[in-house]
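Please read the points below beside the sequence and the structure.

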Amino acid sequence: MLGAALDLADDDRVTLTGRLSLATHPWLGDHAVAGVVLVPGSAFVELAVQAGDRTGCPHLAELTLERPLVLPGQGAVHLQVSAAAPDADGRRRLTVHARPEGTDDAWTRHATGVLAPRTAPEPAAVTDWPPAGAVPVDVTGTYDHLAAQGYAYGPLFRCLRGAWRLGEEVWAELALPDPAAADGFALHPALLDSTLHAIDLLDGQDPTVLTLPFSWEGVTVYATGATAVRLRLTPHGTDHMTLGLYDGTGAPVAEVASLRIREVTAGRLHAAAPEPGDLFRVRWTELPVAAGDFGSAPLTLTVDPDPGAEPPAAARESAVRALAALRRHLAGEPGDAPLVVLTRSAVAVHADDTPDPAQAVIWGLVRSAAVEHPGRFVLADTDGDPASAAVLAAAVATGAPELALRAGTVYAPELTRVTDPDPEPGETAGASASAPAGPARESALDPEGTVLVTGGTGSLGRLLARHLVTRHGVRRLLLAGRGGRLPEPGLLDDLAALGATVTVAACDVTDRDALAGLLASVPDAHPLTAVVHAAGVLDDGLVTDLTPERLQEVMRPKADAAWHLHELTRDLGLAAFVLFSSAAGTLGAAGQANYAAANAFLDALAARRRSEGLPALSLGWGLWDTGEGMAAGLGETELRRLARDGILPLPADRALALFDRALTTGGTPTAGDTPTTEGVQAAAGVLAADRALLLPVRVQVTEDAPALVRGLAPTAVRRTARPAAVPVAATVEALPDRLARLGAADALNLLVETVRGHVADVLGHGSAGAVDPQRPLGDLGVDSLAALELRNRLGADTGLRLSTTLTFDYPTSDALARHLLAELGVDGAAAPVDIEAEVVRLEELSGSALDSPALDEEQRARVAARLRTLTARWDGTGEWRDNGTGQGAGTGLETATADELFGILDDELGSFS
């Protein structure tokens, strides 16, 4: 549980650190109370004992648990266990702090205590077992009883094996289901925690009350490595007891002079759980650039739409042009220099900037292309100032993937958490995101006004409709959907019981006239006061596979509809204009370039409305964990891929809480922000304040996450220094250097294992052993996105620029490894030829060639004859020759070599491969 220790030189303080997660410590998942996975109190004892052993204070004089430590379902928490310098008696103050991984949040103190030298002698052994006069107790139903109370103990924490009563005391036997689990622990927390399960056998315990240990005194561990213990539990009232633990011989293992338990509520435990997801916004910070000659100007691409077109049409036109240019660039050989995509006023850097949505869509498109093809693109937005043009080369030389140039100054984006304003007197900060159901605090939505929700018949729209009624007190809802009907009759009937009138209307919101008619139907008695645009469609595909039609079909429901809503409602005095955007528009998303472009339009529109003094809020959602809707088709592989990209599913209730928070507090800048930021000044509850893009997403910082997400890591990211004589490409990873020191056969084996390991990771397998190196990758489940990720991983390992058709050209792990070996220049002459892998490659090649219009009947016949000859040679039946009857005749060629066999194939198949 603890991985490192730091001894401070000045004051003799010792700090031990650790990292806990359900991935690295899955046994902790077996300790759940009231539906929440808790780090058990016994684990804090173990942490304290480890610190005591490190500092020469093995006796835990006292330990008080101040607040529960809840483990998140995804991600990890970091620990700090600190033992202060010793006092005059050699005692040390102890603290245990934790905080979520990947954040710079304040550390939370979970426990305090005192460590002391051990002075008391070891207690006497207890050899009379079970003790004379003890009465056996049936424990077969103990864990069912505990589960009914709210204690959900998994296998490792079910250690109670037998029990006896002797007066008020309980004596028991406990054993770890997996003895190997005890390795490395002073006393495994699951075994110590299980001793507390015997409390359920004491007289006078209230079965309706949840209790947890909160105070330990006089804890000493006498023997380590215990896999089974005998327990003597002596009560002192209902909430205070003494524990004695002994091994199978009766020798003491540990003792607890005093343990106190106290009642805990399910609400308190859930409140202690870290809330998933948060609000983020994009902030542009000045980026220093070096002066000097940067050689030739960077390769740039500029896309200018028709200046006279309406913004939605102009946006679709620029997106189509940009897509064509990106595909042309990717079809060429990868070069060392990235393509710089140059836009004009696509992003809002300063508070008074008015971004052009037709340029903004290019950013969404290229951001996704950059995720699919790392290092191939740089985004640069300019203001047209000559000083900005002059600094472009220096800006690109910084290596930043996204840049904005304003009056010769270079800016780069970063994500920053949105903080709540100071609470009003009598309120609690953040109440809007965690308060129980009921009218929202200071909601600016008029209960008697009508709220329009586009996409209102979809899963998110229905959730939002219910939330607007129950949380914001809205009484008039207009839900617009293309079909004009809910998936189930009466789905929202309960809202009528709350006094709400819900109207479901059929409307294609991309049709301006139809949308105008819908808005005209809103009664004057209940005028339109708020709009939530949640409509959208998906048609995922890699940039290299997208067509203009697929691009535009995804853009219209988002961009065209949003623009129509903007124009048709701008004079209505709305209190809220909320756009359901996507994090894909800001972070990029592999396979979603069209969706990212559409949502980038929404983000720019919000900033444009802001500059015009109109209410606007664009929420760049991550994935909602609803089990239906546009994301319902995602399987485990897709979810794992999103998790590697830093995006985790956001529970629906938490997403709605963030929606509330965005409405009321989301625009407040963090302390220290300068006026030159994208962001807004807003008071809580004032929806008409300037607001632009907020990201209500649940992210984790991983090495595969987008650059903006990686920027949330609390530590600085620096380059790796390299010797001048070594080419940069050769030192991206240590793999090429390792290969260079190996013989050909060993190098090939290392590459095969490397490829298999990456395939296993991409597909979510536990190890490379699950990947057959001779089996086609497609058969293993490698789809187009997985193939792209595999290529990028191998490129990062080897430093090579690899083809977009890599896995098609080399369809097995073995074939991939051989190709990489050749590309890296490692001598492969001595490497054995894997004939089976080559035949698999031949099968793939011939399968694709069969459909080729360039293959005429004469060629088909020649190839068929060659293949029959090859088969005859291989099985030793002789050489097949066409004798005019189609039956063939031949002579024995059993001694044909592998090179001769493949030479036959190369002679014929080379004409159409």
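1. T798 has its place in helix 22, which covers residues 784-798; helices here are DSSP runs of H or I with at least four residues, strands are runs of E with at least two, and both are numbered from the N terminus. T798 counts as buried because its relative accessibility is 2%, where buried means under 20% relative accessible area, exposed means over 50%, and partly exposed is in between, with a 1.4 Å probe and protein chains only. The side chain of T798 reaches the backbone oxygen of L794 at 2.8 Å.

2. A word on the basis of these values is needed here. This is a predicted model, in which local features need pLDDT of at least 70 and side-chain atom pairs count only at pLDDT 80 or more, while totals for chains, interfaces and linings use all residues. Residues are numbered from 1 along each chain as its sequence is written, and side-chain values use heavy atoms, with hydrogens and water left out.

3. H25 is found in the loop between strand 2 (14-20) and strand 3 (31-33), and at 13% relative accessibility H25 counts as buried. The side chain of H25 makes a polar contact with the side chain of T24 at 2.8 Å; a polar contact is a pair of N or O atoms within 3.5 Å, of which, within protein, one must be able to donate a hydrogen and the other to accept it, and residues adjacent in sequence count only if both atoms are side-chain atoms. If neighbours within four places in sequence are left aside, H25 is in contact with M1, R19 and L20, contact meaning heavy atoms within 4.5 Å. The C-alpha atoms of H25 and A76, which are 51 residues apart along the chain, are separated by 10.0 Å.

4. Some backbone details in loops deserve a check by eye. W129 and P130 are joined by a cis peptide bond with omega of about -15 degrees, and P130 is found in the loop between strand 8 (108-116) and strand 9 (135-137). S345 is a residue other than glycine with a positive phi, near 60 degrees; S345 lies in the loop between strand 19 (339-344) and helix 6, and its 27% relative accessibility is why S345 counts as partly exposed. A407, also a residue other than glycine, has a positive phi near 55 degrees, and its place is in the loop between strand 21 (402-406) and strand 22 (409-417).

5. Two packed helices are described by the angle between their axes and the distance between the axes. Helix 5 (residues 311-331) and helix 6 (residues 357-372) pack at an angle of about 35 degrees, with their axes 8 Å apart; axes are lines fitted to C-alpha atoms, for helices over the stretch in contact, and angles run from 0 to 180 degrees between N-to-C directions.

6. Helix 13 (residues 548-569) and helix 15 (residues 593-611) have axes that come within 7 Å and cross at roughly 15 degrees, so helix 13 is roughly parallel to helix 15. Their crossing is right-handed. The contact includes R550, K558 and W563 of helix 13 and Y595, L602 and R609 of helix 15, and its residues divide into 11 nonpolar, 4 polar and 4 charged.

7. For the chain as a whole, there are 27 helices and 31 strands, and 50% of the 913 residues count as buried. Of the contacts with a separation of 6 or more, 72% are between residues 24 or more positions apart.

Technical notes: Angles under 35 degrees count as roughly parallel, over 145 as roughly antiparallel, 65 to 115 as roughly perpendicular and the rest as oblique. A crossing is left-handed if the near helix is turned anticlockwise from the far one by less than a right angle, and right-handed if clockwise. Ala, Val, Leu, Ile, Met, Phe, Trp, Tyr, Cys and Pro count as nonpolar, Asp, Glu, Lys and Arg as charged, and the others, Gly among them, as polar.
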